[in-house]
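Visitor: I would like a guided look at this model. Can we take it step by step?

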Amino acid sequence: MNEGMREVAGLMARAQRVTVLTGAGISAESGIPTFRGSGGFWKDEEEMMRLSTLEGFLRDPQAVWEFYDRRRVQANSVQPNPGHESLADYETRALRRSASFALITQNVDGLHARAGSRNILELHGSIWHARCFKGCCADLVQLPEEPLPAYPPECPKCGAMLRPHIVWFGEQLAPAVLSESYALAEDSDLMLVVGTSGQVYPAAGLPYVVKRAGGTVVQVNMEPTELSHAADYNIYGKSGEILPELMLFVKLGDKL
Ligand code: BJW
Ligand code: ZN
């Protein structure tokens, strides 16, 4: 067993203002690939620039839309795993004892909501939505579970091309979501950081905000990351196993 599991569960049980930051690793056990590392979404840097930048989209919107079609079909074919479910369970228990709880995710797959999490901030958007490329029509367009009939899809209001509602490299995160995330981090007494490589900013800056403001950071990951040195506790293992185990201790503690 990882050292400190009981200690961390004790912190989780007592924290009054909880934030959780998740990344692709939490969905890995559902069968959704992570970004970096072998078997990831991008084969190499060239593919990353082709599929996850505005320049890549403008060069070949069809290829990028096909990529997101595959991602939606895949996300729809898998289930949230015990890691997602444990965080939803933790939120319910935190609210019951009048603690605040927010789940800040870099993931775009929608699995946290399907697991029952409620207060979710999606930092990098969602594969389930598109928006007008011209930016003139503010409403998000809901995307279907199956591949689109034609590419690129058109804005239902003005007929311009739609783009995926995703934050690509070099693009600004939605200011309201980002500022709320920073405010929540600054105010947290505990942040759980789960399944992220901690390489992509500004999301990777959030644990440092918690530390600077005097809060505690607990990382759960398969392996050491860029954030390991900043975390007060590092628990190495699969989040789909570690988080349920932590919740078991939290629940035992509640009964004592
Ligand atoms: C498990 C597990 C299990 C596995 N259990 N754990 C130089 C040039 C240009 C830009 C920059 C630059 N320097 C910095 C920047 C800014 C850039 C950035 O940070 N780049 C770095 C990579 C260097 N950031 C941006 O561009 C952001 N915008 C911005 O900053 O605007 C202002 C600005 C603009 C320009 C210059 C400077 C400032 C936007 C970032 C948007 C990120 N978007 C993506 C792609 C979305 C597209 C899509 O989904 O298709 O979001 S990138 C990709 O990475 C995705 C993810 O959300 C994000 C984070 O990845 P994550 O979640 O950490 O996944 P992995 O795969 O990296 O890690 C998985 C982890 O899980 C690993 O640690 C595993 O060990 C672990 N794991 N199984 C537990 N079972
Ligand atoms: Zn439009």
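Visitor: Is Phe67 buried or exposed?
Guide: This is a predicted model, so every value here is computed from it. Buried means a relative accessible area under 20%. Phe67 has 4% relative accessibility, so Phe67 counts as buried.

Visitor: How many aromatic pairs are found in the whole structure?
Guide: A pair of aromatic rings is described by two things, the distance of the centres and the angle of the planes. A search of the whole structure gives a total of 4 aromatic pairs.

Visitor: What kind of pair do Phe67 and Tyr68 form?
Guide: Planes over 60 degrees apart count as edge-to-face. The ring centres of Phe67 and Tyr68 are 5.1 Å apart. Their planes stand at 70 degrees, so this pair is edge-to-face.

Visitor: Is Tyr68 buried or exposed?
Guide: The relative accessible area of Tyr68 is 3%. The cut-off for buried is under 20%. Therefore Tyr68 is buried.

Visitor: What is the angle between the planes of Tyr90 and Phe101?
Guide: Tyr90 and Phe101 form an aromatic pair. Their rings are 5.4 Å apart, centre to centre. The pair is edge-to-face, with an angle between the planes of 85 degrees.

Visitor: How many residues apart are Tyr90 and Phe101?
Guide: Tyr90 sits in helix α6, residues 82–96. Phe101 sits in strand β2, residues 100–105. The pair links distant parts of the chain, and the separation is 11 residues.

Visitor: What is the relative accessible area of Phe101?
Guide: Take its partner before we answer. Tyr90 is buried, with a relative accessible area of 2%. Phe101 is buried too, and its value is 4%.

Visitor: Which residues are linked into a cluster by ring pairs?
Guide: Here ring pairs join up into a cluster. The members are Phe57, Phe133 and Trp168.

Visitor: Which residues coordinate the zinc ion (ligand 2)?
Guide: The donor atoms are SG atoms, at 2.3 to 2.4 Å. Along the chain, the donors follow the spacing C-x4-C-x17-C-x2-C. They belong to Cys132, Cys137, Cys155 and Cys158.

Visitor: What geometry does the site of the zinc ion (ligand 2) have?
Guide: Four donors count as tetrahedral if all angles lie between 85 and 135 degrees. The 4 donor atoms of the zinc ion (ligand 2) make angles of 103 to 117 degrees. The site is tetrahedral.

Visitor: How many residues apart in sequence are the parts that Cys132 and Cys155 tie together?
Guide: Cys132 and Cys155 are both buried. Cys132 lies in strand β4 (residues 125–132). Cys155 lies in the loop between β5 (141–142) and β6 (162–166), so the pair ties together parts whose separation in sequence is 23 residues.

Visitor: How much of ligand 1 does the protein bury?
Guide: Ligand 1 is surrounded by 38 residues, and among the closest are Thr196 and Asn221. A polar side-chain atom of Thr196 lies 2.7 Å from an oxygen atom of ligand 1. An N or O atom in the side chain of Asn221 is also 2.7 Å from an oxygen atom of ligand 1. Taken alone, ligand 1 exposes 1500 Å², and of that the protein buries 75%.

Visitor: Which residue makes a side-chain polar contact with Ser27?
Guide: Ser27 lies in helix α2, residues 25–28. At 1% relative accessibility, Ser27 counts as buried. The contact spans 3.2 Å, and the partner is His84.

Notes
Residues numbered from 1 in each chain as written. Chains lettered and ligands numbered in written order. Predicted model: local features only at pLDDT ≥ 70, side-chain atom pairs only at ≥ 80, totals over all residues. Heavy atoms only, no water. Phe/Tyr/Trp six-rings, centres within 6.5 Å; stacked < 30°, edge-to-face > 60°. Buried < 20%, exposed > 50% of the residue type's maximum accessible area, 1.4 Å probe, protein only. Helix = DSSP H or I, 4+ residues; strand = E, 2+ residues; numbered from the N terminus. Donors = N, O, S within 2.8 Å, 3.2 Å for Na, K, Ca; no water. Tetrahedral: all angles 85-135°; square planar, octahedral: opposite > 155°, others 65-115°. Near = heavy atom within 4 Å. Polar contact = N/O pair within 3.5 Å; in protein donor to acceptor, adjacent residues only side chain to side chain. Areas by Shrake-Rupley, 256 points an atom, 1.4 Å probe, with all protein chains shown as cover.
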